[in-house]
Each structure stands twice: as structure tokens, then as C-alpha cells.
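Trainee: I'm new to this one, and I'd like to learn how to read it. Can we go through it feature by feature?

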Amino acid sequence: MTYAARIFHHSKKLRHTHYVTQKDHAIFVRWFTNYARPSADKLDDISRSSQLGFGPGGKHGISKLSSEGCVSPSHLSVNPRMMSTLRMDKRNAFWTARGVHSPGIGMVYKSQQQTSSRGFSTSGLPPHQEIGMPSLSPTMTEGNIARWLKKEGDKVAPGEVLCEVETDKATVEMECMEEGYLAKIVCGDGASGIKVGEVIAITVEEEADAVKFKDYSPSTSDAAPSTEAPSAPTPPKKEVSEVPASSPEPKVSKPSQPSPAGDRIFASPLARKFAEDHNVSLSNVKGTGPDGRIVKADIEDYLASGVKEVSLPLKVDTTTTSSAIDYTDIPHTQIRKVTASRLLQSKQTIPHYYLTVDTRVDKLMELRGKLNSLQEASGGKRISVNDLVIKAAALALKKVPQCNSSWTNDSIRQYHNVNINVAVQTENGLYVPVIKDADKKGLSKIGDEVKHLAQKAKENSLKPEDYEGGTFTVSNLGGPFGIKQFCAIINPPQSGILAVGSAEKRVIPGAGPELYDFASFMTVTLSCDHRVIDGAIGAEWLKAFKGYIENPESMLL
């Protein structure tokens with residue numbers, strides 16, 4: 001009965017927890033160094049000036065929140081191996097927490113006023129805030145630092161740009177969340193491969209505290225979890241080394257024992273492959289498996305024992321053989337990595353099929369000539385064939401909305417907006433900026449946006465809103481490269497992409513017998529996701545697209 005009464009008592013308190021999300025618009029989370037775990041007394045001092053009402057600290061040094069508007073988790077324990085993942089709100093320029101797991105946690109609730117609880121480091125460092133690599137796009141897992149716009153010791157204010165981050169799709173400016181001083185830049189200009197959530201800078205509130213972080217390295221705080229993490233599994237390693245005692249054996253006596261046992265050496269296929277990769281002779285390894293069979297752990301113990309005499313000369317041989325081949329390793333850019341992973345995912349998970357049709361473009365070329373003459377007379381920019389193709393594709397999607405959809409686990413999502421991504425090749429890689437509501441825009445507007453976004457893509461200055469939200473993609477290799485026909489890979493989560501080839505003149509039958517005529521035809525291929533677009537639906541879309549191309553005046557109605 002006592003336990004039941006306690007459960008009922010606490011359940012009544014938990015009924016009020018939903019007021020936290022109703023009253024507070026956002027929750028900010030900071031994480032501090034591994035040693036920055038404030039004591040209960042210091043957190044109580046901080047909480048007295050707060051409107052949130054921090055209660056007495058728990059056994060792990062994390063202050064409890066009072067029942068006035070917040071939950072009081074007295075049994076929270078913080079796992080030092082976990083890391084916080086943050087994402088920046090582009091419009092409001094502050095960090096929002098997606099998943100919060102960190103060595104030391106301070107909470108700030110955005111209510112009437114923002115009150116922060118700082119951690120006090122037992123290693124002598126003043127209160128500080130670690131800024132992590134943000135997640136600036138849905139597909140971003142790591143990023144690069146293009147350049148820092150602030151230097152160590154500079155004062156920073158909310159809304160000021162700290163640095164430029166190269167994401168998987170573009171270069172984005174990272175803004176400061178609150179006022180302070182940039183104490184330490186952990187990852188400098190050009191740093192690459194920084195995982196989301198990894199510390200890139202340190203900020204402090206007082207200018208005098210910035211100098212104390214001159215020799216600061218995240219390895220002292222962030223490596224502490226990593227050094228502590230292996231310390232837990234070290235007993236199994238010691239047990240393995242103590243029970244078989246295999247580390248000293250390969251050096252002296254053990255290599256000679258398998259050879260007199262017989263000509264055949266028994267080893268698992270994994271052990272043979274592992275030994276081959278590390279240039280280890282199986283005759284020098286003592287097997288600890290059943291009946292003396294060599295397993296992968298035996299090879300690892302042999303390598304850990306320090307026997308490297310066999311591998312060194314073999315490495316010299318590989319360099320001499322490879323020196324005959326002249327090559328250059330070009331590092332992967334972020335856009336190249338993402339393009340590779342997404343296209344691989346597309347080909348492996350999306351059931352592609354392809355529909356090809358020839359469209360006669362004589363009337364289209366004639367209309368384009370008339371429109372360009374009007375554009376030149378009014379001082380506007382010329383309209384390209386690709387602009388007309390984008391407009392025709394958008395109108396066809398409006399006419400056959402089943403193709404303007406994507407696959408989800410629970411349903412087929414059909415979009416009401418027609419947003420066309422346009423493939424643009426640059427020196428850095430392939431970009432796909434989006435023309436939003438292309439069905440509602442005129443040819444001149446579409447042409448201006450395509451040229452503007454293509455220039456931004458070449459300058460690597462696209463913003464997330466410039467490439468997110470597309471529902472269909474057009475890839476044109478005909479006009480600039482003269483490719484007659486090709487099959488494009490679907491850009492997930494979309495379900496279709498149109499590959500446009502070049503126009504060529506062909507001989508066609510004339511009006512009468514023994515008469516012939518000349519006409520220009522353009523070949524297009526539609527790649528479809530068979531989970532979303534059936535063959536008949538894809539054919540219906542191509543029929544509508546062909547109708548707009550061969551009768552371009554209908555696009556102007």
C-alpha cells in the first residue's frame with residue numbers, strides 16, 4: 001500500500017507537466033565539458049534568480065525543477081558517452097534541441113525571460129558554452145568549416161554570423177545565439193568531416209575568461225568519455241589476454257608449433273582473409289579454436305604482440321608496384337558524398353522503370369523565336385528550350401497529379417504544389433535548385449529563376465530554401481552536351497525524373513505518296529518509381545507532356 005500511495009502521489013504531479021510545453025515556446029539546451037557538473041549548492045544559487053524555480057539538486061548534480069511549471073526528475077543520471085545533437089532555426093537564429101544527451105546539461109526555458117544555468121568546471125575553467133556542428137539540412141550528417149568570420153576574443157551578439165558552414169548541399173551562414181565572447185575556435189578554417197554535434201567553438205560570458213581557453217582542447221573533455229568508455233570493457237580484454245596468454249606466444253615458441261603438426265593449416269575463412277589483408281603467415285600463428293583451428297582473434301593477438309617483421313617488407317613491395325601507376329587522389333566534397341549516397345540509395349531501394357517518347361519540336365522552336373524577339377525588344381532575357389520543357393512538365397504534373405507524388409511507409413503522398421528541381425552541373429558537383437509553383441509562373445519568370453539559381457549553384461551559395469521542397473526533377477543533357485537520349489536516376493523522395501535529350505532533324509513521310517518532309521524531334525525519357533506510378537499513369541503523363549511540347553500555344557492559355 002505504501003508503494004501504491006507513492007505512485008498515485010507522483011502521478012498527480014505528472015498531470016501538470018503538459019503546462020511546460022504550453023507556456024514555454026522553446027527549450028534551449030546547452031552542454032558543458034565532461035567535468036562541468038555543478039554541485040547542488042551552486043545550482044540552487046543560480047535557480048534563486050530564475051523564474052522557473054529550480055529545486056534541490058539530485059544525486060548526480062543535476063538540479064530538479066519545481067512543480068510550478070516543470071517536471072522534477074530526481075532520478076536522472078547523465079551518460080557521459082552521449083552527445084547532444086542540435087539544429088539551427090534559420091529564421092530565428094537560435095539552436096533548437098533535437099535529442100539531448102550530454103556530459104553536463106543546463107536548461108534554459110524561453111518564457112518571459114531567458115535564464116541560463118551555467119556549469120562550473122572542477123578543472124579550473126570558467127563557465128562556458130560549447131557550440132556544436134549544427135544539422136542544417138535533413139540529410140546532413142557532417143559538415144565542413146568554410147571560414148570563420150569572427151576571431152578568438154571577439155565579442156559576439158545574437159544574429160551575428162560566426163562562420164560559414166559547408167553542408168551536404170550548400171554553404172550556410174551560422175549565426176550566434178546569444179551575447180558573449182568567442183573564447184576558442186576548435187575547428188578552424190577548412191576543417192572537414194566534422195560530425196553533427198561535434199564541438200567547433202567555445203564561448204564565454206566574460207571577456208576576461210576568454211584567455212583561459214587558449215590551450216583548451218576538446219580532447220580533454222570529449223576524450224574523457226572515450227577514455228572512460230574503453231576502461232569499462234578493459235576487463236574482457238584482460239581476461240582474453242590472461243586466459244589464453246596468446247600475446248607472448250607468437251613471439252617465441254608458438255610460431256614453431258603449428259608447422260611440425262602437419263602440412264595443412266586449419267583456419268576459418270575469416271581468419272584467412274584477415275591474415276591475407278595484414279600480410280600474416282598462418283604458419284606463424286597458434287590457433288586457439290577447436291582442434292587448434294586458427295580464428296580471427298588469433299590473428300589479432302598475433303598483430304597486437306608486435307610481430308611486424310613480415311608486413312614491413314611486403315609494404316615496400318606494394319609501394320614499388322604501385323609506383324608504376326601514376327594517379328592523383330581527389331578528396332570528396334560534401335556534395336559529392338551526398339550525391340553518391342543518395343543515388344546509391346535510390347537505385348537500391350526504388351524500383352525504376354523507364355518510358356521513352358519522341359516529341360516533334362518544330363512549333364516549339366517557332367514559338368520560342370517569336371517570344372525571344374519580343375523579349376529582346378523589351379530588354380528581357382532570352383527564353384531557352386529548357387524553360388519551355390520545365391513549363392510543359394509542370395502543366396503535365398498538374399494534369400496527371402499521380403506523378404506529383406512520393407512514397408511513404410503508410411501512404412502515397414500527393415503534392416498540391418508543383419515544384420520542379422532543375423539539375424545543374426558545377427565544378428563542385430551536381431546541384432538541383434527548385435523552381436517553386438512552376439505551373440503558375442510565366443516563361444520569362446521561370447527563365448530568370450533558372451539562370452539566377454544556376455549562378456548561385458556555381459558560386460556554391462545556394463540556401464536551403466533554394467533546393468528543398470521539390471516534387472519532380474528535370475535533367476537536360478541535350479542542349480548543352482548534345483546527348484541524344486539517356487535514363488536519369490530518381491531523386492528521392494520524388495517518384496519521377498525527366499531526362500531530356502537533344503533535338504535532331506529527321507526525314508518523315510510527306511503529304512502525298514513518294515513525298516517526304518523534314519522535322520525536328522527531341523527524345524525524352526521518364527524514370528518512374530513503380531511503387532507510386534504505374535506504367536499506364538506514366539504513359540498518360542508523357543502523352544500530356546508531348547501534347548504541350550508539340551502544341552506550345554496551349555501552355556500560354
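Trainee: Which residues form a nonpolar patch on the surface, and how much accessible area do they have together?

Mentor: Before that, a word on where this comes from: it's a predicted model, where local features need pLDDT of at least 70 and side-chain atom pairs count only at pLDDT 80 or more, while totals for chains, interfaces and linings use all residues. Residues are numbered from 1 along each chain as its sequence is written, and side-chain values use heavy atoms, with hydrogens and water left out.

Mentor: Now the patch. Patches are made of residues with over 30% relative accessible area and no salt bridge, where like charges are joined within 9 Å and nonpolar side chains (Val, Leu, Ile, Met, Phe, Trp, Tyr) within 5 Å. Accessible areas come from the Shrake-Rupley method with a 1.4 Å probe, and for residues only the protein chains shown count as cover. Here V507, Y516 and F518 make up such a patch, with about 370 Å² of accessible area together.

Trainee: Is Y516 buried or exposed?

Mentor: Buried means under 20% relative accessible area, exposed over 50%, and partly exposed in between (1.4 Å probe, protein chains only). Y516 has a relative accessible area of 58%, so it is exposed. You'll find Y516 in strand β24 (residues 516-529).

Trainee: How many helices and strands does the chain have?

Mentor: Helices (H or I, at least four residues) and strands (E, at least two) are DSSP runs, numbered from the N terminus. This chain has 16 helices and 24 strands. Of its 557 residues, 43% count as buried.

Trainee: Which residues have the most contacts inside the largest nonpolar core?

Mentor: The general idea is that in soluble globular proteins, nonpolar side chains tend to be buried together. A nonpolar core is a set of buried Ala, Val, Leu, Ile, Met, Phe, Trp, Tyr and Cys residues joined through side-chain atoms within 4.5 Å. The largest one here has 54 residues, and V389, I420, F472, L498, V524, W541 and F545 have the most contacts inside it. Helix α12 (residues 385-399) gives the most to this core, with 10 residues. Another core, of 21 residues, lies apart from it, and its members include V165 and C187.

Trainee: What is F545 in contact with, leaving aside its neighbours within four places in sequence?

Mentor: Contact means heavy atoms within 4.5 Å. With those neighbours left aside, F545 touches V389, A392, A393, A396, L498 and V524.

Trainee: Which side chain does K445 meet in a salt bridge?

Mentor: A salt bridge is a side-chain nitrogen of Lys or Arg within 4 Å of a carboxyl oxygen of Asp or Glu. K445 pairs with E449 (3.9 Å, N to O). Being four residues apart in helix α13, K445 and E449 are separated by about one helical turn. K445 is partly exposed at 45%, while E449 counts as buried at 18%.

Trainee: How many salt bridges does the structure hold?

Mentor: There are 20. Take the one between E142 and K195 (3.1 Å, N to O). E142 lies in strand β8 (residues 142-148) and K195 in strand β13 (residues 194-195), so the pair ties together parts that are 53 residues apart in sequence. E142 is buried, with a relative accessible area of 12%, and K195 is partly exposed at 48%.

Trainee: Which residues are joined by a cis peptide bond?

Mentor: Look at P492 and P493, where omega is about 10°. P493 sits in the loop between α15 (478-481) and β23 (496-509).

Trainee: And what is the phi of E514?

Mentor: E514 has a positive phi of about 60° although it is not a glycine. E514 is placed in the loop between β23 and β24, and it is exposed, with a relative accessible area of 82%.
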